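Here is a friendly walk through a predicted model, with the criteria spelled out as we go. Let us look at how the copies meet, then at the parts within a chain.

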There are 4 protein chains.
Amino acid sequence: MIKLNTFFETADKYAEECIRIRRDLHMYPEAGWTEFRTTAKVLEFLETEDFRAELGTDIINPDYVMAYPGEEELMAHRFRAMSQGADRSIIRRMEEKGGYSGAMFTVEGAEDGPTVILRFDMDCMGVDEPEDNAHYPYAMDFASKNAGLMHACGHDAHTAMGMVVTRILYENRHLLKGKVKVIFQPAEEGVRGAYAMVQSGIADDGDFALGIHIYPSDGPYTALAGTQTGLYATRKWDVNLTGKTAHAGGAPQEGNHAIMAAVNAISAMNGFLQDGRGVGRLNVGTIEGGTARNVIPGYCRFEAESRGSETVVEERIFEKAEGCVKAAAEMFGCEYEITTTGMSPAGGGDEDLAAEIAAAASELIPELEKTTPVQVNTGTADDFCFIMDRVHANGGKACYMSLQTQLAAGLHNSYYDFDESVLLAGVKACIAALHVTGTIA
Amino acid sequence: MIKLNTFFETADKYAEECIRIRRDLHMYPEAGWTEFRTTAKVLEFLETEDFRAELGTDIINPDYVMAYPGEEELMAHRFRAMSQGADRSIIRRMEEKGGYSGAMFTVEGAEDGPTVILRFDMDCMGVDEPEDNAHYPYAMDFASKNAGLMHACGHDAHTAMGMVVTRILYENRHLLKGKVKVIFQPAEEGVRGAYAMVQSGIADDGDFALGIHIYPSDGPYTALAGTQTGLYATRKWDVNLTGKTAHAGGAPQEGNHAIMAAVNAISAMNGFLQDGRGVGRLNVGTIEGGTARNVIPGYCRFEAESRGSETVVEERIFEKAEGCVKAAAEMFGCEYEITTTGMSPAGGGDEDLAAEIAAAASELIPELEKTTPVQVNTGTADDFCFIMDRVHANGGKACYMSLQTQLAAGLHNSYYDFDESVLLAGVKACIAALHVTGTIA
Amino acid sequence: MIKLNTFFETADKYAEECIRIRRDLHMYPEAGWTEFRTTAKVLEFLETEDFRAELGTDIINPDYVMAYPGEEELMAHRFRAMSQGADRSIIRRMEEKGGYSGAMFTVEGAEDGPTVILRFDMDCMGVDEPEDNAHYPYAMDFASKNAGLMHACGHDAHTAMGMVVTRILYENRHLLKGKVKVIFQPAEEGVRGAYAMVQSGIADDGDFALGIHIYPSDGPYTALAGTQTGLYATRKWDVNLTGKTAHAGGAPQEGNHAIMAAVNAISAMNGFLQDGRGVGRLNVGTIEGGTARNVIPGYCRFEAESRGSETVVEERIFEKAEGCVKAAAEMFGCEYEITTTGMSPAGGGDEDLAAEIAAAASELIPELEKTTPVQVNTGTADDFCFIMDRVHANGGKACYMSLQTQLAAGLHNSYYDFDESVLLAGVKACIAALHVTGTIA
Amino acid sequence: MIKLNTFFETADKYAEECIRIRRDLHMYPEAGWTEFRTTAKVLEFLETEDFRAELGTDIINPDYVMAYPGEEELMAHRFRAMSQGADRSIIRRMEEKGGYSGAMFTVEGAEDGPTVILRFDMDCMGVDEPEDNAHYPYAMDFASKNAGLMHACGHDAHTAMGMVVTRILYENRHLLKGKVKVIFQPAEEGVRGAYAMVQSGIADDGDFALGIHIYPSDGPYTALAGTQTGLYATRKWDVNLTGKTAHAGGAPQEGNHAIMAAVNAISAMNGFLQDGRGVGRLNVGTIEGGTARNVIPGYCRFEAESRGSETVVEERIFEKAEGCVKAAAEMFGCEYEITTTGMSPAGGGDEDLAAEIAAAASELIPELEKTTPVQVNTGTADDFCFIMDRVHANGGKACYMSLQTQLAAGLHNSYYDFDESVLLAGVKACIAALHVTGTIA
């Protein structure tokens, strides 16, 4: 307990720093795969001569990167990052490692012990932050300076917590058993980033996977659910059908009608939602095709997503939808391309580990007014499931902590905001969870 | 002209015989591919020691036979034929040649000249003949003795004409130039028989193709249109989809839904009717599938037909429909089978030849009150088009004579009947047409 | 406890009689709405001068009867019932009450107390019973004497238990508090019978609803689950589309294509399976339409069922499917008719009551080797849910006991059979459950 | 003949002027309903004190105007017209008459005689004219000065001919019998303008309807087909489906899926193309809907067109498509709106009148190297059919002259151009046609 208290004391020391960091990150939000300034700030804060981040291809397998922006767009973001204070040499180090944002710090303990994967996500959303004094970040002058971008899902808070937790661990590493691999993950929105990180092997040796996410509480208090469960599998995918134009009046038989191919594919896809193994979802959310009413349309594109309460359910829906697109393309003589732009399996943390963490948190963290072992959020998804899956495959345990607080507005809403006292609670929840894993005695 | 008159005089001699033959055939109608008694009667009437029919595989290519009945059914029909007076030894000759009905007689002329293919069809329809004294065949006691079968499309008349024409040619063969190959074709209904005959090569040497069919006239007179044109291409096809049953409530994902496959195939097929090259038709006329409402259906069958004012239009519709079935089967994990049960290209006779025949008939045949070169019957089909096509491919000419008379009721109607005087007119029309070809001087 | 023991002792006295009754019922199975002999046998066994059954329209509201057979068919079944030993005067009494099968006996207690609805189902299935000595009923000479019909779902056992339970209650009615309304329900298969009974008002005064059903156990023992839960809502419905025939080649525009209407309706229906409130199911299990391939089809029929883990989910699927049929009929100028042939809401018993019943059964019934409070049978349906719903609406409690035993073959299988010792266990389970309700002290 | 020669002589006098006018119009192309400068130039050239144009609501019925631009857009076009030399007072006169472009001049003859409707179209296309010296208008410095707009369908030529023809008629009006109503029609592209003009009644008294259009000839010569026939009926229509958004994962049942409504509507529409009365066409050329993949889409729009070789065939296709949209909207709880943006019946000129005109032209116009009475252009459409229809309804006759010449590139192609000598030939063809009507003796 003496050791543990040391960690909590260090946490208290960083309480204000954590808020300062969060506000800085909030002012400079960066979308998925472009978190260059955010990554730089993490490194600037944490790196010492003997404590160095792993970057890019060391922690990301390029073959599994989804929905990656074009090089021109990336360059523009790197320039903006530098113009907004990112250390030029860190940007250069990222470029040497394939250009990816994201980082991993490994804190090695003084004694043997378990390996814990501790993950924080960093990207923002495509939302305009309101210029309204009723909105706390604007009133307090730390609203987004990047038009069209905003931290409306709390990843600024998560990253700030991660930075402080990592510093605490590093400062007290002589008290640590085993090791903690802290992942600062890019591109959680759209479930794009975790897959490529897991495929690089960084979670292969994990005995525990821990994550944390701010969620709305159902009352005026700060609470912790030891773990989220029931996260849905999901996949985001784009379909591009290419046909052949022809004059619709004179020679319709010479065209390959891409809109008709899409119509038939979409119509058929709904035939595969029923599954005795769980609940499925499928949505074609956008469609666009053709150039003129008197021309057999030569292309049609649509954006879709599939979900499943079980991974196999989502997989079947996607495979069948893929088959429908392929078959409908054949029917109408079209070429097709299906691009997966994001993906996550179903999953959730372990209830036994969750119960222990909830009990420890309840006892150790005065900032928390309530704890429960489990939060079930039917229908939502998070690619932290990839990391949990990998650790589960090793026989390890996982916990995805739900840090609950009253929100000014819901997740993804432009008026989203939270009471910053939750930051310290979150840092301490991570310490409590590490305590349960045995990393901190 | 002296020679030609000889042929017409022989025709007059057989006028009553032709009526007698037609009534006999009318009493014993036989459906496509089971015209055993009909074939036997043709041979009994025509064969002499030196004038023998070709049968079965000599004139039919088994690889191209469509919608052929099962052996058990065929045996039953052979027995009925014999019980209704068919010569047992002729039935046996047919069996030795693969068991097919149908025959060809070749009348060789005394001098060189063109080769003419002259075709008559023999099969009846699946119609119950009315037992009603208002119906002439019943009142005159020659109504069908075979339940569910009736000559309601005049093929009894065509066969009778063919028998008499062949006899006339044979009796006057010393006056003939070139040769006439008289085909007694099985299975014209459902456009099933001509394809296999043409694929045996019997029309390959044809310089002319001639056929005749009774049609309604638009007034109280007997008329001849030198040729029909604008016959549509058609195909009759059956689709059989085989899926996998599963409990619809408990494990729908384990089933492969054959009805859904059919639904998607049929829905897509209609997307291919537009063609700048001509008019197309597609109809799914029947459907049947599944066993119980709470079981994912394991099979679904449907019967369809496609048509085209041009052969290429029908071919595209069928190929695309085939593609739709294949693709929809893939979508739903089903097996599929498409069976073509009948087929004919588009076509029609040549207008120049038709004009000559109409002119000759007008001059030579007093029984005809009107002649016109051409009859356009949009939307109907006849597999005589296969024979015309083959002769056209040789650079030959074709004519499909339309012998028009007032009908008691329309084609395929159970009250169908015609004035038997048209039989002699038809026989003479064939002689006139042969005269135009140069076979009869 | 003395009173309770009296009931159990009476039960032991009827152990063999219960088996005899079950075998008699098994020999003469009757399908839904035709349980005339079965009803007669119930009355013959139970009625005394002062203990009379209520019949027909007293307990069945004709406006809510679903999938009722035609009068001719019913008459044939009444004759068979009489020829197989049904008392003619009882058949006549049923006819006087609208002709329905089914009965209700009300056992009035000596003291005030709760009203308990106790329901047993009576109908058989459309299954041929195997003539195979490996099949116990055949070997023991009590296999079905009614071709194509068999008790393959245990309703013979349920009815036999119900008869014996009712006799026990009647014999000990001086020891009873409140009253027990014993319902012998027709037409449970296809979820057709309970709706009309509940709509007659007979369950309106229920404080408790009890039912019992034999289910497979997962080991070689007899067990009782206090209640089933998670029964799905379901509906069985037939669609009949009437179009207009026309010649598919000549005048397709004059037809109204009933198969195309069905295709479009079925295709669209699958668009409504996703529901955040629960799991849905939809199956078009059979289809049939059209008469000939060259005719625009004038009719198409299909049989479907919908299900939902929540009643509202099923209701939405059915309403939307109904809308799809209506709309597709309009598209293609067809008339439509949708007939509901069976229906049940979702539901299940109360877990607190179930726990008490399980505890009591465990203590009181030596024949039971295991008890658990709850059995969840995802995806199955039973129209006992209508009765539970009505009692719940009164603020009452419900329990649908699952009497588990090893089966020779699964429910609805033609080799279905069970160890008859389960009959006595079931009778006693009913007594134990009544004890928990307070009816038996 | 003396009178007629006078007209031809006046024509020769204006040969160069006609080219000058055409080049001026070519430089300032204006799209449908915005032909303000074009109309002004027509008036500036033709009006005298006693020869005044009728404008706006005098010749256009606002209730039948289709696809009319918004007021702001119209204002911008009026300003551009004035900045490009349109007489301000003429623009003001148009505004006083409802703001429409287009004009009609009526030339009254000195004697009684027939009334002839003579129509010329004025609008350009949405095509960028190439800046390429290989393109004659660019090389000769009269290419379009209006970005994105070009006369690529010869309406500049038609208007120039119309201006010169009208001037010739006016100058020789003392030689004229009856009267000629010369219509300068806006918005022929998209078949939008003629309907509202005809509905104003201006063609009600027509004994003849004459029009002229430049078409490609099939050889290096200038030819005239007396009339086009076989013009298809067509309709251009937009569909707007409005549903209700909802979260696709959490509460899909709360959304009304506008894309699914469109998919089902489009899928069904193809079921109505078959018609024994003629050839039909249907094309959904563009589609666009939805905002994000994880949201049930709240809107979907598509643009379609239907055609028919007979007006009834197009009407049926459109009505059925409308029914499909309505029904599919109902299925998915969506609102719908269908807007017709253009429309024309099927039609063509009279062959007897055409033969006379061809004969007269052949005799009278040395510039023409070939004449034929009829040009059949399967599949194309022109709203001049409305005018022909109205005159036919009066028992009048119509001729839509096809003035054929070799084109640098096809109609609607950005390299479209023609030899300007065709202008004089066209003017003379109009005079020859008027001669045939008896207006010019």
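The copies in this predicted model meet through the same surface, because 97% of the interface residues of chain D are also interface residues in chain A. Contact here means that the C-beta atoms of two residues, placed from the backbone, lie within 7 Å. Residues are numbered from 1 along each chain as its sequence is written, while chains are lettered from A and ligands numbered from 1 in the order in which they are written. As the model is predicted, local features need pLDDT of at least 70 and side-chain atom pairs count only at pLDDT 80 or more, whereas totals for chains, interfaces and linings use all residues.

**How the copies are related**

Two copies of a chain are related by a rotation about an axis and a shift along it.

| Superposition | Rotation | Shift along axis | RMSD |
|---|---|---|---|
| chain A on chain B | 180° | 0.1 Å | 0.1 Å |
| chain D on chain A | 180° | 0.1 Å | 0.1 Å |

Turning to chain A on chain B, a rotation of 180° with 0.1 Å of shift superposes them. These two copies are thus related as by a two-fold rotation axis. The same surface serves both, as 100% of the contact residues of chain A recur in chain B. Within chain A, A:A327 comes closest to this rotation axis, its C-alpha being at 2.3 Å.

**The side of chain A that touches chain B**

Here 22 residues of chain A are in contact with 22 residues of chain B. Helix 9 (258–269) and helix 10 (311–331) of chain A each supply at least two residues to that side of chain A. Helices are DSSP runs (H or I, at least four residues), numbered from the N terminus. Which helix of chain A gives the most to the side that touches chain B? Helix 10 does, with seven residues. By class, this side of chain A has nine nonpolar, nine polar and four charged residues. Ala, Val, Leu, Ile, Met, Phe, Trp, Tyr, Cys and Pro count as nonpolar, Asp, Glu, Lys and Arg as charged, and the others, Gly among them, as polar.

**Two domains in chain A**

An automatic or database domain assignment supplies the domain bounds. In chain A it gives domain 1 (2–231 + 347–437) and domain 2 (233–344). Their C-alpha centres lie 35 Å apart. Domain 1 of chain A puts eleven residues into the contact and domain 2 of chain A puts in eight. The domain 1 side of this contact has seven nonpolar, one polar and three charged residues.

**Helix 1 of chain A**

Helix 1 of chain A (residues 2–13) has twelve residues and should span 16 Å at 1.5 Å a residue, which agrees with the 17 Å between its end C-alpha atoms. The expected span is 1.5 Å times one less than the number of residues. The buried residues of this helix are A:F7, A:F8 and A:A11. A residue is buried if 20 or more other C-beta atoms lie within 10 Å of its own, exposed if 12 or fewer, and partly exposed in between.

Methods: Least-squares fit on C-alpha atoms with pLDDT ≥ 70 in both.
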